[in-house]
Amino acid sequence: MANQARNAAIVGIYEWPKRLDMDVSAIQIKARSIALALEDAGLSWQDVDGVYDANDGEGGGGLGLSAYLGIHPTVIDTTQVGGSSYEFQAAHAMRDIAAGKCRVAVLSYGSKSASQRVPIGTGGPRGAGGTWQENMENPYGTTLIANYAMAARRHMHEYGTTSEQLAEISVATRHHAMRNPQAVQAMKDLQFQNIRDITVQEVMESRMVADPLHLLECCMVSDGGGAIVIASADVARGAKQKPVWLIGGGEAIKYRTNDGDITTSAAAQSAPIAFGEAQVKPAEIDIAMIYDSFTITVAVMLEDLGFCKKGEVGGYISGGGLRYDRKGAVTLNTDGGGLSSNHPGMRGMFLLLESVRQLRGQSTSQVPGAKLAVAHGNGGLLGGTHAGGTIILAAD
Amino acid sequence: MPNRLMPAFPEPDTQPFWEGAKRSELRYQRCDTCQSIVFTPRAHCTACGSAKLSWHTSKGLGTIYTYSVVRQNRNPAFADLGAYAVAYVDVDEGFRMLTNIVGAADPTKDIKVGQRVQVEFEAQTSGAFPVPVFRPV
Ligand SMILES: [Zn+2]
């Protein structure tokens, strides 16, 4: 730990509480979340000199959002890599702050996917056709879910992974969601059936959406958003909250190739970079916040992040050890995840928010004395073109 | 006849592939400089960047690398297919293609990873381009 760089820290957070919110626009969610995250940090609007934006929520990227906010940053970053945008942006903020380019950076997210009834997983193809990629994909009716399902099928074929094993991910995250009042309210607002702990058998008996993925293995579609304030070490030392240090960041992409292996994700490349920079090992991690778009996403990434070997995730998770109060596997997605708390489309923001709550000791499923967290965002399509961003966070 | 979404042109990378489909040819590219197979089609070699690519016609035989049976797609173009199988097929000439598997009595039971398949060209009511799909042999 001695040589670990602690140049940048998350000092302010805010998560939009409502998952179905007819009264706001997406960019209002972003701006209000930034204001409340700055308040959390004890910083002011005019302290912001870095704006990182995923071009979401009619914001117009770093340019348009800055104009809407009414600030003049010296770092403007519009990194859009789907759901992993926020891990990429956090890595970029670490780099920019360490280089002295800015001192107070804001990342924000706002989405109205539920109230606008956006069919994220089952709406494909969405493009009108006419690009090199759409022309080879649109005629085949590959939904977003189907890409993940094909990765799951291949994982099962190569390693003997079962649906019962994958269901443990749904079971653990639902258990965490039931302890999180905002997640429980989300499931009510979004008209979930059976808002309670679920069993492996119930996951198996839920209807098939795209073989081998069942309904209860798929994330919800919600409204939501939030914001994060990342500050330099000198600013962080004077902030209202204890800093949560960003000690490692890695980014990578992966896409389908003619002889490629779709049971391995971009995380296999981004994680060693992040863990190497942080000088920690997966075995030392207390909390894993992994993008749970579907169960298979988490399964593949537990392997790629190094919590178990490739192909062995089925055995690793089958004892139910992903729960915050059990041993045997790393604690997963203590907010309830995309499966049972919120998924407005790009969940990377919430991976960082819950990591911070854990390392501050404020989670509703708190791991006692949590010191280290990993947040891994996945953007795009597992099994197809996707981005992976890994961030290692440390308590003060 | 099925009513799938059609490719749209002008789009110079994939147009020769789809013109081939009209003649029941499954076409792919090889780099004249480094001999790498290039798929999906484009104007440069993904291994070496060369613009010298030539078109070839596959025999249309391959192996299912993975698949999923889609039960729910909110796009109306796929409504009349019922539950349908999307797949990656490793075509024998060395390229992996996103496609559909047709001709299985029950796609949830009769399709397997590793199964041998043969291309066929499925005419569409939605347009002039027959869509290359694969059937178990
Ligand atoms: Zn070449």
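Reader: Is A:E202 buried, exposed or partly exposed?
Author: This is a predicted model, in which local features need pLDDT of at least 70, side-chain atom pairs count only at pLDDT 80 or more, and totals for chains, interfaces and linings use all residues. Residues are numbered from 1 along each chain as its sequence is written, chains are lettered from A and ligands numbered from 1 in the order in which they are written, and side-chain values use heavy atoms, with hydrogens and water left out. Buried means under 20% relative accessible area, exposed over 50%, and partly exposed in between (1.4 Å probe, protein chains only). A:E202 has a relative accessible area of 22%, so the residue is partly exposed.

Reader: Which residue meets A:E202 in a salt bridge?
Author: A salt bridge is a side-chain nitrogen of Lys or Arg within 4 Å of a carboxyl oxygen of Asp or Glu. Here the N to O distance is 2.8 Å.

Reader: Which residues are joined into one network by salt bridges that share partners?
Author: One pair of side chains, A:E15 and A:R357, meets at 3.0 Å, N to O. The pair links distant parts of chain A, 342 residues apart: A:E15 lies in strand β1 (residues 8-15) and A:R357 in helix α14 (residues 348-360). Helices (H or I, at least four residues) and strands (E, at least two) are DSSP runs, numbered from the N terminus. Through shared partners, the network joins A:E15, A:R19, A:E354 and A:R357.

Reader: Why does A:E15 count as buried?
Author: A:R357 is buried, with a relative accessible area of 16%. A:E15 counts as buried because its relative accessibility is 8%.

Reader: How many salt bridges are there over all chains?
Author: Another example pairs A:R95 with A:D96, the closest N and O atoms being 3.5 Å apart. A:R95 is partly exposed at 49%, whereas A:D96 is buried at 12%. Over all chains the count is 23.

Reader: What is the geometry of the zinc ion site?
Author: Donors are N, O and S atoms within 2.8 Å of the metal (3.2 Å for Na, K and Ca); water is not among the atoms, so sites may look incomplete. The protein donors are the SG atoms of B:C31, B:C34, B:C45 and B:C48, lying 2.3 Å from the zinc ion. Four donors count as tetrahedral if all angles lie between 85 and 135 degrees. The angles among the 4 donor atoms are 106 to 117°, and the site is tetrahedral.

Reader: In what order do the 3 strands of the open sheet in chain B stand?
Author: Two strands pair if DSSP finds at least two bridges between them. In chain B, 2 bridges join β1 (residues 27-31) to β2. β2 (37-38) and β3 (53-57) each have a single partner strand, so they stand at the edges. The pairing is antiparallel, in the order β2-β1-β3.

Reader: Which side chains meet in a salt bridge between A and B?
Author: Contact means heavy atoms within 4.5 Å, and 40 residues of chain A are in contact with 44 residues of chain B. Across this interface the rule finds 1 salt bridge. At 2.9 Å, N to O, the pair is A:D211 and B:R71.

Conventions. Tetrahedral: all angles 85-135°; square planar, octahedral: opposite > 155°, others 65-115°.
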